[in-house]
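Good morning, everyone. I have one protein chain to show you today. Please look at the screen, and then we will walk through it.

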Amino acid sequence: MLALVKARLDDDKSEDIVSIDLRGKTSIADFMVIASGRSQRHVGAIAEHLIEALKQAGVKSVRIEGQPACDWVLIDANDVIVHIFQPEVRSFYNIEKMWAGPARA
């Protein structure tokens, strides 16, 4: 499923796609994928296309948050959680830093 998510995000011209392996860190999912869209409309389109691709792939009970505003859309596809941000919102919350773990020297 991770490959499907990353491919769909890439096809929709998402920017700065980052994948974080959550296995062993939390039981909520195996992977988190973070990407940016250039505008609210772009974020919304990326989210819609990804949701449709997940449903076509047979992923059941996909949960979505933040779609009306499209500043930050969260798509919970069970094993993979996807965050699609507008760049300024992404930099404000900086969730990559929170989940990536301690800095390596």
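Let's start with burial. Of the 105 residues in the protein chain, 40% are buried. Buried means under 20% relative accessible area, exposed means over 50%, and partly exposed is in between, with a 1.4 Å probe and protein chains only.

A word on the source. This is a predicted model, where local features need pLDDT of at least 70 and side-chain atom pairs count only at pLDDT 80 or more, while totals for chains, interfaces and linings use all residues. Residues are numbered from 1 along each chain as its sequence is written, and side-chain values use heavy atoms, with hydrogens and water left out.

Now the overall fold. The protein chain has four helices and five strands. Helices here are DSSP runs of H or I with at least four residues, strands are runs of E with at least two, and both are numbered from the N terminus. In sequence order, the pattern reads α-β-β-α-β-β-β-α-α. The radius of gyration is 13 Å, close to the 13 Å from the globule rule for 105 residues, so the protein chain is as compact as a globular protein of that length. That radius is taken over C-alpha atoms, and the rule is 2.2 Å times the number of residues to the power 0.38. Along the principal axes, the C-alpha atoms fill a box of roughly 40 × 30 × 20 Å.

Next, contacts. Take the contacts in the protein chain with a separation of 6 or more: 53% of them join residues 24 or more positions apart. Contact means heavy atoms within 4.5 Å.

The protein chain exposes about 6200 Å², and carbon and sulfur atoms supply 52% of that. The areas come from the Shrake-Rupley method with a 1.4 Å probe; for residues, only the protein chains shown count as cover.

Let's zoom in on strand 2. How many of its six residues are buried? Six of the six, across residues 31–36. Phe31, Val33 and Ala35 point one way, while Met32, Ile34 and Ser36 point the other way. In a regular strand, side chains alternate between the two faces of the sheet.

Which partners does strand 2 have? Strand 1, residues 15–21, pairs with strand 2 in the antiparallel sense, over five bridges. Strand 5, residues 80–85, pairs with strand 2 in the parallel sense, over six bridges. Pairing requires that DSSP finds at least two bridges between two strands. Keep an eye on Ser36.

Val59 sits between helix 2 (40–56) and strand 3 (63–65). Is Val59 buried or exposed? Val59 counts as buried, because its relative accessibility is 15%. Beyond its neighbours within four places in sequence, Val59 contacts Met1, Leu54, Ala77 and Asn78. Asp79 is 20 residues from Val59 in sequence, and 9.9 Å away in space, C-alpha to C-alpha.

Lys13 lies in the loop between helix 1 (2–11) and strand 1. Its phi is positive, near 65 degrees, and Lys13 is not a glycine. Lys13 is exposed, at 57% relative accessible area.

Last, Asn94. Its loop runs between helix 3 (87–93) and helix 4 (95–100). Asn94 also has a positive phi, about 45 degrees, without being a glycine. Asn94 is partly exposed, at 33% relative accessible area.
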